[in-house]
Amino acid sequence: MKPKRRRSAARPVLLAAWILALLKMQENRKLLLSRQERLSYEDPLTGGANEKKFVEEARRLLRPADRKKYALIAFHVRGFGVINEIFGYRNGTRVLQGIHWVFVKNLGKDELSAHVYADRFLLLLACRDRAGLTERLNRICADLKNTIEFYGIHYELSPAFGVCECPVGAAEDVQELISRAVMSLKADHFPDCPPCAFYEDRMRIGRMTLKNMADRLVPALENHEFVVYYQPKYSTAGETLFGAEALVRWRTDPNTLVPPGEFIPVFERSGKIAELDRYVFRQVCRDLRRWLDEGKEAVPVSVNLSRVSLLNPSVAGEYRGEAAKLDVPSGLLELEVTESAFAQDAAVLEKSMRRLSAAGFSLSVDDFGSEYSSLKMLYDVPAQTIKLDRDFLNGLGFGERGEAVVSSVIGLAEQLHMSVVAEGVETREQMEFLKKIRCMAVQGYYFSPPVPERQFAALLPVKGIKNGPFE
């Protein structure tokens, strides 16, 4: 008879320990999932809701047919970057956390707030009518405008709200409501009190127009819908033709010319601005070649070059190649770069300009005096010409201080062996002043607006024949 096997006393203990470990693992997993879910809905900067949480909760609140009336609001602080620059990012974060708690304090039942990024917040507030909501936003502004103190320095926030009223059945269109609120925020036409703008359908129509314009960019380039106009430049000494600036227009139909201010920003946002730059440059080369073939005394033409084009390391070779195809002397081509382009990547842009200069192109800094002017830029940038911004010139007027500033810029340019072209000259008084301080050249409506190519070509004399302004 076989002896009975004894059951180990340790087996029940091991089994119990295994079960406890399994339960603990499940508990830890639930805690981990709960923490991950919480983090996926939590803004790390304020500790409040993030955009994902806001959208989900907004859909829940906007779904019932008998729900209360709501407005979705986009918020930011005008000039918030100044806080970070002057007081540091740590204090900037403190401000954003303070804004979050002001919003939380002012929320009612079934209302939402969320920090999205930077100084952008979203709110979903009950809204019976515009007057009531405006009054409420006014009270929130009063809370937000309480003076903030950094190291004994007082700083007052300048809040702005973009408001989109939520229609019935908008639960699935929360992202569109956010877009509309942001659109009204970007309109930036806020009265001082309250600082808010309500979304209107005309804003959406405007956005659709821009989208349609963006969709037409490539076909318009292929169909040669863009035409080049030329604005003459005149010397101040003899008031003779000195050169021209090439300016592009969009002929959307036989009777409509769209000015560049309406479509250039669309090209910039779509990333197609470099293609437009090349298109205009090629057309200017063709026109110069035609004038030369007709025996005319061609004058230098300046062509605008965007920051995007300038960041292309091969732009000098490409443009030199375009001019060489038509045997156009590079001395007849000047490339203009706005001074605002140097706000970022200045070192890269300077290298690109040096390559363009080495390729034989003249260079000019456009809109000098508008925003980013500095003596260091004049030292670093290999440009031969400064174009004095029209607002800089006209805004100063011709008082003693205004004359001193403009005279100093021109005197400095002389010492740097640079020439100055004054833009926006419209009166004889301006012209005489610029003559007196030895500004080399001017352009503006005093002499001529931008004109079509044939009209400008008529100003150019035939070689060997003196006529017009060259006499």
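Visitor: What makes W18, I19, L20, L22 and L23 a nonpolar patch?
Guide: Patch members need over 30% relative accessible area and no salt bridge (a Lys or Arg side-chain nitrogen within 4 Å of an Asp or Glu carboxyl oxygen), and nonpolar side chains (Val, Leu, Ile, Met, Phe, Trp, Tyr) are joined within 5 Å. W18, I19, L20, L22 and L23 form such a patch on the surface, with about 510 Å² of accessible area together. Areas come from the Shrake-Rupley method with a 1.4 Å probe, counting only the protein chains shown as cover. The model is predicted: local features need pLDDT of at least 70, side-chain atom pairs 80 or more, while totals for chains, interfaces and linings use all residues. Residues are numbered from 1 along each chain as its sequence is written, and side-chain values use heavy atoms, without hydrogens and water.

Visitor: Why is L20 called exposed?
Guide: Exposed means over 50% relative accessible area, buried under 20%, partly exposed in between. L20 has 58%, so L20 counts as exposed. L20 lies in helix α1 (residues 10-41); helices are DSSP runs of H or I, at least four residues.

Visitor: What makes β6 and β7 a pair?
Guide: Pairing takes at least two DSSP bridges between strands (E runs of at least two residues). Strand β6 (residues 159-165) and β7 have three, in the parallel sense. V163 stands opposite F198 in β7.

Visitor: In what order do the strands of the open sheet run, and why are β2 and β7 at its edges?
Guide: The order is β2-β3-β1-β6-β7, with mixed pairing. β2 (112-117) and β7 (196-198) each have a single partner strand, so one side of each lacks a neighbour in the sheet.

Methods: Patches are made of residues with over 30% relative accessible area and no salt bridge: like charges are joined within 9 Å, nonpolar side chains (Val, Leu, Ile, Met, Phe, Trp, Tyr) within 5 Å. Buried means under 20% relative accessible area, exposed over 50%, partly exposed in between (1.4 Å probe, protein chains only).
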